[in-house]
Amino acid sequence: MGNQKKCGAVMTVELREHGDGIWTASGARIIDRTGRKRLPIGDDGFSRAAAASVLVDKTALIADVLDSGYTATLFCRPRRFGKTLNMTMMKAFFEVPPSGAADPSLFEGTEIWELGDGSYREHFAAYPVIYLSMRTAKGNTWEQTYGALKDMLTAEFARHSYLLDSENIGPHDKGAVRGILSGSASESDFAGSVLSLARLLRAHHGQPVVLLIDEYDAPVMAGYSASDGGYYSEVVAFLKRLLTGPLKDGGEVLAFACLTGVQRISKESIFSDLNNLKVSTSLTTISDERFGFTEEEVAALLSYVGQIAHMDTAKKWYDGYRFGDRDVYNPWSVLNFIDQDCVADVYWGNTSGNVVIGDLVKSSDESTAEEVYGLLEPGGVVWAPLDLGIVFPEMGLKGDALWSMLYLSGYLTTDQTALPNDTLSLRPLRIPNLEVARLYRAEIVERFLGVAGGRTRLMLLHEALMEGNAPVVGDELARIAESAASVFDLTSENSWHMLLLGLLFNMRGYADPISNREYGLGRPDIRVEPVESPFAQGKRPLITIELKYGRDADPSALECLAADALQQISDRRYDEGSLPDQASSRVRWGIACSGKRVAVVSESA
């Protein structure tokens, strides 16, 4: 029962039906109360999703929180990895309904309902809950963001407006509640409002409060990245009071708190006074399988919807993350993959502007560009330390903070997750899967479209490279060099190398360019191999480029260097041997540069 097997190339999963919309397989539990196999895409409210859609059961997170003994836990995971759904799940489980009786039907048969012989059921509907989602509390100015935070806090007070009728709350406190509800309270009152609300709920219910704060870091990131200097200091000062109050001074008022976010801003003054905050990041084993889908869960889900034959495609495109000790798939992408009849595509990247990668590619110098291009090669890694206690002002000062930000945001992962608090040791960071690689490639292409002068000019360069048209390639590279000062300094062979590599991404009918890989009797500078592609008809030539740099070389000297580079390809047999399957012939290029001057020669074979 519940086993996964391979039949030829296709995995099979034995699902066991338990009734009431519960299915289990080895390492996975599927919930579908309606049996309609509807996917919860875009619905991260647990009560709605669990009643109407297929869910992968992550309710054991509730047991993790209860068993941990921590006053507060911060879960840091990339966007769209189930943070909000898990937070609304905890709200649905723990909260004493403001009116009416609690309905346990959404949790009956789930893992949390069965764990410990049902011992966790005593926590069902047992606590007043404060639930705050900060994901929309962001704007271009502090005034806009503060207004959004006020609206969020006012809405939560309105959800508990029954406190105005409580006999356990005095007139003064009720007046403070009315001030929040009317919006007339001061900024200081709003900053202290979460602790005030927790105390009032404790007084009314006679039970300690569960505090749930989703995407706490969204206002901070908005404040850091806003134009005109941003409002970083203002938002940090406000959130320090808003969060530190209940987390530090809550005492017996608070049962426990859970926060989620992308970034771990532990070094900020927001949490500087707390010693009772436990942080779970992608490096730690705490709840490592509760965010994202494990391989067993993806297999069970695909089997349940009748698409298990597409497991290998799902693995190539959406697997690859390592959280603690578990291998994890991107859940948003898997759900969209299934919804689109298992057609592989970039789904996660289309949910936001990918600001982190865009900023990386657009602002990278030649050294960083070389590392990014290396990541896109098979087995490519960047060796860097991970300091997940990001301090935003350091982003412009500490080069390694860039890689930590990419890791936290889900654009890189690592298999070396031991010693999560070690901020000095180098870890091999890699791109998780095909989907994320496409995101990097898209940003590189976007940048170099601008460098080349637009898509038409870049395609002209690509076609000339394939045809061995030296005059056109020489003219285009010279023109690009004149406008490339803002890209690379072009003062060395390596800077020209990085410029050429960037220009060769997204050649129609070709794989990504290969840099300094061993072929023949050495390492050609650049090799571009044709591949089967729906966007290119027929076979295309294998392109090999050798580059030389001559400081202060005159035009005749550059031409000699270009000829030497071309001869080196033959002498060292860089492109000899059998051609790649999709290659029709060979085109060799010798390119010589001096500052922004360039000479090119080519031959076909």
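## Salt bridges

A salt bridge here means a side-chain nitrogen of Lys or Arg within 4 Å of a carboxyl oxygen of Asp or Glu. Side chains of opposite charge can pair when their charged atoms come close. This is a predicted model, where local features need pLDDT of at least 70 and side-chain atom pairs count only at pLDDT 80 or more, while totals for chains, interfaces and linings use all residues. Residues are numbered from 1 along each chain as its sequence is written, and side-chain values use heavy atoms, leaving out hydrogens and water.

The structure has 23 salt bridges.

## Links across the chain

Let's start with Arg290, which forms a salt bridge with Asp64, their closest N and O atoms being 2.7 Å apart. These partners sit 226 residues apart, with Asp64 in helix α2 (residues 60-68) and Arg290 in the loop between β11 (277-280) and α11 (295-304). Helices (H or I, at least four residues) and strands (E, at least two) are DSSP runs, numbered from the N terminus. Arg290 counts as buried at 15% relative accessibility, but Asp64 is partly exposed at 24%. Buried means under 20% relative accessible area, exposed over 50%, and partly exposed in between (1.4 Å probe, protein chains only).

Arg135 and Asp44 make another salt bridge (2.7 Å, N to O). Each lies in a loop, so the pair ties together parts 91 residues apart in sequence.

Now for a local pair: Glu156 and Arg159 both lie in helix α5, 3 residues apart, or about one turn of the helix. Glu156 is buried, with a relative accessible area of 6%, whereas Arg159 is partly exposed at 26%. Both belong to a network of salt bridges that also links Lys91 and Glu95.
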